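Hello,

Here is the structure I promised to pass on to you. Have a look at it first, and then read my notes below.

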Amino acid sequence: MTADLSQLVKAYDVRGVVPDQWDETLAELFGAAFAQVTGADAIVTGHDMRPSSPGLSRAFARGAAARGVDVTEIGLCSTDQLYYASGAFGLAGAMFTASHNPAQYNGIKMCRAGAAPVGQDTGLAEIRELVESWMDSGAPTSDATPGTITQRDTLEDYAAHLRGLVDLTAIRPLKVVVDAGNGMGGHTVPTVFAGLPLTLVPMYFELDGTFPNHEANPLDPANIVDLQKRVREEAADLGIAFDGDADRCFVVDERGEPVSPSAITALVAARELARHGGKGTVIHNLITSWSVPEVVRENGGTPVRTRVGHSFIKAEMATSGAIFGGEHSAHYYFKDFWNADTGMLAALHVLAALGGQEGTLSALVAQYDRYAGSGEINSTVDDQAGRLAAIKTAYEGREGITLDELDGLTVTATDWWFNVRPSNTEPLLRLNAEARDETTVAKVRDEVLAIIRG
C-alpha cells in the first residue's frame with residue numbers, strides 16, 4: 001500500500017488507522033526494518049485485544065523472521081507484560097496496541113533488549129526510512145537462514161515478578177473495584193491479584209477492542225464515571241481504572257473521588273525510597289505537583305525534573321540510576337522493572353500502602369495532595385510560537401517571577417506556577433497551573449488563558 005509514514009510514525013511509536021493508514025503488508029516491512037536497525041538475532045512480540053492486532057503482530061513476526069530473526073510470540077498481553085518479557089529474556093520487543101485510541105486505530109511500541117525504548121532519536125527514524133525505501137519494491141531478500149516463530153505464555157511469570165517487588169502478604173482485606181475498560185487489564189488483573197486478600201469487583205473485563213462501554217482512557221473524567229459510581233455502591237475501599245493496554249492506572253478513593261496521579265507518584269516515591277534505605281533519585285516531569293519533589297526530599301531522596309514524555313523519563317532514569325519516576329499522565333516507571341512503565345506495579349503499591357494501615361485512602365493520600373491544580377487545559381491556536389512569546393512577554397521582568405523553557409514555558413512565583421506546552425501533533429497549547437489555594441489557581445488560569453485565546 002502507499003502510506004504516508006509522516007502521519008504514521010510518531011515521536012515514540014507507530015500509530016494509525018487500520019487499514020486506511022497501514023495494514024499487514026506494511027507491518028511486515030516494519031518487522032524487517034526493526035530486525036535490521038536493532039541488529040537483534042531474536043525478538044519478542046505481543047498484542048492487545050483489538051481485532052486487527054493478531055494479524056499485524058504475526059505479519060511483523062514474518063518480516064523479522066525473514067531476516068533471520070527468531071521470534072517469540074507471547075500473544076495477548078498488556079504493554080508492561082511485553083516490557084517484562086523484553087527485560088526478563090533480554091530481547092528486543094514489539095507491542096501491538098493503540099493504547100486508549102478508538103477501535104479503528106492500531107500501533108507498535110518498540111523497544112530494545114531490557115525494555116529500552118525505541119523512539120525518533122533511538123532507532124525509529126531509521127526504521128521509518130527503511131520502510132519508506134521498501135514500500136514500492138518490498139524488503140530486499142536476506143541471505144540469512146529464516147528465523148523461527150514460537151509461542152510462549154508469560155502471564156504467570158509476569159504476575160510473580162510484580163508480586164515479588166511489593167509485599168502484600170500482611171495487608172488487611174480490601175475491597176477493590178477494577179475497571180479494565182474492555183482492555184488488557186481484564187487479562188492481567190485476575191492473575192496478578194490471585195491469592196491476595198482482596199475482594200475484586202470486576203468491571204468491563206471482557207476483552208473487546210471495540211470498547212463498547214467507554215473509551216479506555218481513564219484520564220478523561222467521562223471514562224471513570226461508571227467506576228466512581230460502582231465504588232460508592234459497593235462501599236469499596238478504592239477503585240482502579242486501566243487504559244486499553246494496561247500500562248497506565250488511575251485511582252479513585254473510597255468516596256469515588258479521583259486521586260491525582262501526582263499524589264500517587266509521591267506515595268509510591270516515598271515507598272520506593274523506604275525500600276532503598278531512604279536514598280535514591282526520583283524523576284518527575286515538570287507538570288507534576290510541587291508535592292512530588294517535596295515528598296521526595298522529605299524522604300531522603302533527590303528529585304530530578306524532566307520534560308514531559310516517556311522517552312525523556314526513561315533516558316533520565318538510565319542516566320541517573322533513578323529508582324522511580326512518575327508523570328501526570330499516570331505513567332509510573334521503576335528501576336526494578338527495567339526503567340519501564342507499569343501501571344500494575346503502581347497499583348500494587350497503592351494496595352500495599354492502603355492495606356498496611358487502618359485509615360481510608362482519602363486520608364492516606366491527603367498528605368501527598370497539598371496544592372490546588374487546574375488540570376490540563378487545551379486551547380486550539382493558529383500560532384503556537386506567537387502565543388508562547390506573548391505569554392513570556394507578559395510575565396518576564398515581573399518581580400519574584402522566574403521563567404524557564406525546558407519544555408514549553410514554565411512561569412513560577414512564590415505561591416503558584418504554570419506551564420504552557422505546544423502539542424507535537426495538533427495545533428494546541430496545553431496549560432497546567434498549580435497554586436496553594438483554589439482562588440489563586442483560578443486567577444492564574446484565567447489570566448493565562450486570556451493571553452492564549454486573546
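**What turned up**

Asn339 is buried, with a relative accessible area of 17%; here buried means under 20% relative accessible area, exposed means over 50%, and partly exposed is in between (1.4 Å probe, protein chains only). Before going on, please note that this is a predicted model, in which local features need pLDDT of at least 70, side-chain atom pairs count only at pLDDT 80 or more, and totals for chains, interfaces and linings use all residues. Residues are numbered from 1 along each chain as its sequence is written, and side-chain values use heavy atoms, with hydrogens and water left out.

Back to Asn339: this residue sits in the loop between β16 and α12, where helices (H or I, at least four residues) and strands (E, at least two) are DSSP runs numbered from the N terminus. Asn339 has a positive phi of about 65°, although it is not a glycine. Trp338 is in the loop between β16 (332-334) and α12 (343-355), and its phi is also positive, at about 60°, although it is not a glycine. Trp338 is partly exposed, at 26% relative accessible area.

Another loop to look at runs between β1 (14-17) and α2 (24-38), and Pro19 lies there. The peptide bond from Val18 to Pro19 is cis, with omega near 5°.

How many disulfides (pairs of cysteine sulfur atoms within 2.5 Å) does a search of the whole structure find? The search finds 0. Cys77 is in none, and the nearest cysteine sulfur, that of Cys111, is 11 Å away. Cys77 is buried, with a relative accessible area of 0%, and Cys111 is buried at 1%.

Enjoy exploring!

Terms used. Disulfide = S-S within 2.5 Å.
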